[in-house]
Amino acid sequence: DYQERLAEFEARIRRGEKIEPGDWMPEEYRRQLIRMISQHAHSEVVGMLPEGAWITRAPTLKRKMILVAKVQDEAGHGQYLYHAAETLGISREAMLEALLSGKAKYSSIFNYPTLTWADIGTIGWLVDGAAIKNQTMLAQCSYGPYSRAMVRICAEETFHHKQGKEMVLLYAQGTPKQRAMAQDAINRWWWPALMMLGPHDKDSPNTEVLVRWGIKTKTNDQVRQEFINEHAPEILAAGLSIPDPELRYDEKSGNWLHGPINWDEFWQVVSGNGPMNKERLEARRRAHAEGAWVREALEAYAAKQKKAAVA
Ligand code: FAQ
């Protein structure tokens, strides 16, 4: 019966076994994974937009090639994650419909504009930096296809992180104009990067069940602390400042403690009222409509192949 199956399922997770597609799982485990993985896939795909806007304006051929590769990686991550979600019984059409209708969430961070070229470096350093902290945690998750996807994706994001950090460090040592551009980008992306890792644990309704079932192996605040501990000293060492007057190193805990996060801003962005929410969804809807002919052609081709196979 249900209680026995649940006990065995939880015992498997405690033993560190992966749950695979087709294995018995509680409906709530399935629902939570579909929610998280589809939101993650949408984030990768919407996440192509802020950076994609700078491909034609990259300052050198080398930077342009790196940026094209990064944005292409993000499309690949989206594909990979939609497939992982499909193993749980949801269709890609249903997920895309949820995104395009504005019903599904995607990461708050991609609703901010990329105003200067330094934003591209800063996204690599801070946004990929935050994403990697979250995703190395998820690489340990109890659902096999998601955890394996995270291993591959983190490897690529490590490259994204390094190229971003290299760029910002270079500009931080550059001309006064370059330094100012790097500082301005850090000023605008620091807080959204902290928010990206989700609300404080006490305001995070999903964490408890996700941790119990080994989907999350760390809480939002734990991951945020790891992110700050790595990045705050590096930003300061580069001679840049962090827009948090309360930020300080705490000897006792070994942590960099931060000031209050503006959660009103976060919830505004999550509920569709961020600076770029409308533009982002509009761009996705346009891309979907303009790609209709590709889907039709694929269907026509598949139908023809099927007919040929029958004959
Ligand atoms: N944005 O109960 P919790 C990337 C929602 S990939 C929007 O704490 P949970 C790569 C949350 O969904 C970035 N909504 O939720 C890249 C929930 O609402 P719901 C994406 C957010 O799941 C780099 C409600 O608030 N990564 O960046 C956000 O336990 C550079 C309550 O929150 C992933 O998606 C937010 N930031 O923890 C690409 C990783 N935070 O669904 C291009 C997978 C929370 O109940 C360029 N996801 N909400 O209606 C996760 O690890 C988790 O879902 C968290 C949130 C940690 C994001």
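This is a predicted model: local features need pLDDT of at least 70, side-chain atom pairs count only at pLDDT 80 or more; totals for chains, interfaces and linings use all residues.
Two residues are taken to be in contact if their C-beta atoms, placed from the backbone, lie within 7 Å. The chain has a mean pLDDT of 97, and 100% of its residues reach 70 or more. For the complex, the predictor gives an ipTM of 0.98 and a pTM of 0.97.

On the α6 side, the contact comprises L126, G129, A130, K133, N134 and M137, which meet V223, E226, F227 and H231 in α10. Five nonpolar, three polar and two charged residues make up this contact of α6 with α10.

Helix α7 (residues 144-172) and helix α8 (residues 176-196) also pack against each other, with axes that come within 7 Å and cross at roughly 135°. Because of this angle, α7 is oblique to α8. V168, Y171 and A172 of α7 make the contact with Q178, R179, M181 and A182 of α8. The residues involved in the contact of α7 with α8 are five nonpolar, one polar and one charged.

A further pair is formed by helix α2 (residues 27-46) and helix α4 (residues 61-86), whose axes come within 8 Å and cross at roughly 160°. An angle over 145 degrees counts as roughly antiparallel, and α2 and α4 are therefore roughly antiparallel to each other. Their crossing is left-handed. From α2, the contact draws on I34, I37, S38, H40, A41, E44 and V45, and from α4 on E74, A75, H77, G78, L81, Y82, A84 and A85. Nine of the residues in the contact of α2 with α4 are nonpolar, four are polar and two are charged.

The surroundings of the ligand were then considered. There are 28 residues around the ligand, of which H40, G47, G198, S204 and N206 come nearest. H40 is also one of the α2 residues in the contact with α4. By class, the shell around the ligand consists of 11 nonpolar, 12 polar and five charged residues.

Definitions and conventions
Residues are numbered from 1 along each chain as its sequence is written. Axes are lines fitted to C-alpha atoms, for helices over the stretch in contact, and angles run from 0 to 180 degrees between N-to-C directions. Helices (H or I, at least four residues) and strands (E, at least two) are DSSP runs, numbered from the N terminus. Angles under 35 degrees count as roughly parallel, over 145 as roughly antiparallel, 65 to 115 as roughly perpendicular and the rest as oblique. A crossing is left-handed if the near helix is turned anticlockwise from the far one by less than a right angle, and right-handed if clockwise. Ala, Val, Leu, Ile, Met, Phe, Trp, Tyr, Cys and Pro count as nonpolar, Asp, Glu, Lys and Arg as charged, and the others, Gly among them, as polar. pLDDT is the predictor's confidence in each residue, from 0 to 100. A residue is near a molecule or strand if its C-beta atom, placed from the backbone, lies within 6 Å of it.
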